[in-house]
Amino acid sequence: MILSRLFSARPRTVFEGAGRRLPRRAAPRLLSVGRADGAKHQEPPRKKLLSEKKLKRHFVDQRRVLVRGGNGGAGASCFHSEPRKEFGGPDGGDGGNGGHVILRVDQQVKSLSSVLSQYQGFHGEDGGSKNCFGRGGAVLYVRVPMGTLVKEGNDIVADLSHPGDEYIAALGGAGGKGNRFFLANDNRAPVTCTPGQLGQERVLYLELKTMAHAGMVGFPNAGKSSLLRAISNARPAVAAYPFTTLNPHVGIVHYEGHQQVAVADIPGIIRGAHRNRGLGFAFLRHIERCRFLLLVLDLALPEPWTQVEDLKYELEKYKEGLSARPHVVVANKIDLPQARASLPLLRERLGREVVALSALTGENLEQLLLRLKELHDADAEAELRQGRQPLRW
């Protein structure tokens, strides 16, 4: 009875002295504060690191890169100190070597947009006492797409055109020597030590040439992007005006047996592109690595056979032998009445096979896919006969 009254009793006000009332303790504040209080105690916004920035990546096929190898660590100058051992001798260790900067081909990278403008290799650590050598700098690998050409000035120093290819862009500096290295019979207590060497510094120019089995070549508004969307899962921009495609796009055509054929949509070239008219060289260099070509014609234009002559002329003037590569003529927009009427005359003028189709309606796409497979098989057999591995995607 008494215990129940004690626990159920309400807290009473305590008086001290002559009628003076002690104030109650303030209620403890909750951990959660209001929005206004939280705003006062917020940390100032910090600058985001480069890896945290959500940058919109665009297709980049040229890049100027400044690369520096890591500096070597300095050697140490010290002497062994131990009780009851007066003349311990020199025990300064050598410095570690600086790390190299190496360009490595990565098939998952399709553009030079992820390549920064400069790279600094990792430095080697300094040497220490007790003959401790400094740790060498780690190798810095820079991922580049397959088909990257490395230039220094006007000279080509590397062609990274195979998976796993590597090129040492900048050598790391050698580590310095500690005074232990200079120990000799005539110098039992050397104090000399050398600093580490500086890493190599170079300015390189990276140029990407798209690697694909087939390259679609044609004048602007011939329907190349629409055709690539029809035969693959690539989604280049399509519109009813010329020069919609400003960067190369690569689509993959799948066949039975897990075979894949890469088809590159090269932006439309114009007459005089071999003289670098417009963006001639920027587009034409992506055709150099293609094994065979698809000459896409706009069959709705008058005299479409002149497009074949002009395209071959531009290719031959840009690089000798480029127009003689295996190719197939693709006559697009067969769904238009005027295009269907020009087809017999086109075949008569060219005197060779012409694949007439419509990228919009999908008419006769099967014939193009079969012809594409034949060209790919013939190229793979030619590569194997020469002892080289065919290009794989």
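Which residue forms a salt bridge with Lys-319, and how far apart are the closest N and O atoms?

Reply: The partner is Glu-288, and the closest N and O atoms are 3.7 Å apart. A salt bridge here is a side-chain nitrogen of Lys or Arg within 4 Å of a carboxyl oxygen of Asp or Glu.

First, the ground rules. This is a predicted model, in which local features need pLDDT of at least 70 and side-chain atom pairs count only at pLDDT 80 or more, while totals for chains, interfaces and linings use all residues. Residues are numbered from 1 along each chain as its sequence is written, and side-chain values use heavy atoms, with hydrogens and water left out.

Back to the pair. Lys-319 and Glu-288 link distant parts of the chain, 31 residues apart. Lys-319 sits in the loop between α5 (305–318) and β15 (327–332). Glu-288 sits in the loop between α4 (280–284) and β14 (292–298). Helices (H or I, at least four residues) and strands (E, at least two) are DSSP runs, numbered from the N terminus.

Glu-288 is buried, at 14% relative accessibility. Lys-319 is partly exposed, at 34%. Buried means under 20% relative accessible area, exposed over 50%, and partly exposed in between (1.4 Å probe, protein chains only).

Now the wider set. The structure holds 17 salt bridges. One of them joins Asp-106 to Arg-143, with the closest N and O atoms 2.9 Å apart. This pair also links distant parts of the chain, 37 residues apart. Asp-106 lies in the loop between β4 (101–105) and β5 (118–120), and Arg-143 lies in strand β6 (residues 140–144). Asp-106 is buried, with a relative accessible area of 17%. Arg-143 is partly exposed, at 48%.

Another pair stays within one helix. Arg-371 forms a salt bridge with Glu-374, the closest N and O atoms being 3.3 Å apart. Both are in helix α7 (residues 365–385), and they are separated by about one helical turn because they lie three residues apart. Glu-374 is partly exposed, at 48% relative accessibility.

The general point is simple. Side chains of opposite charge can pair when their charged atoms come close.
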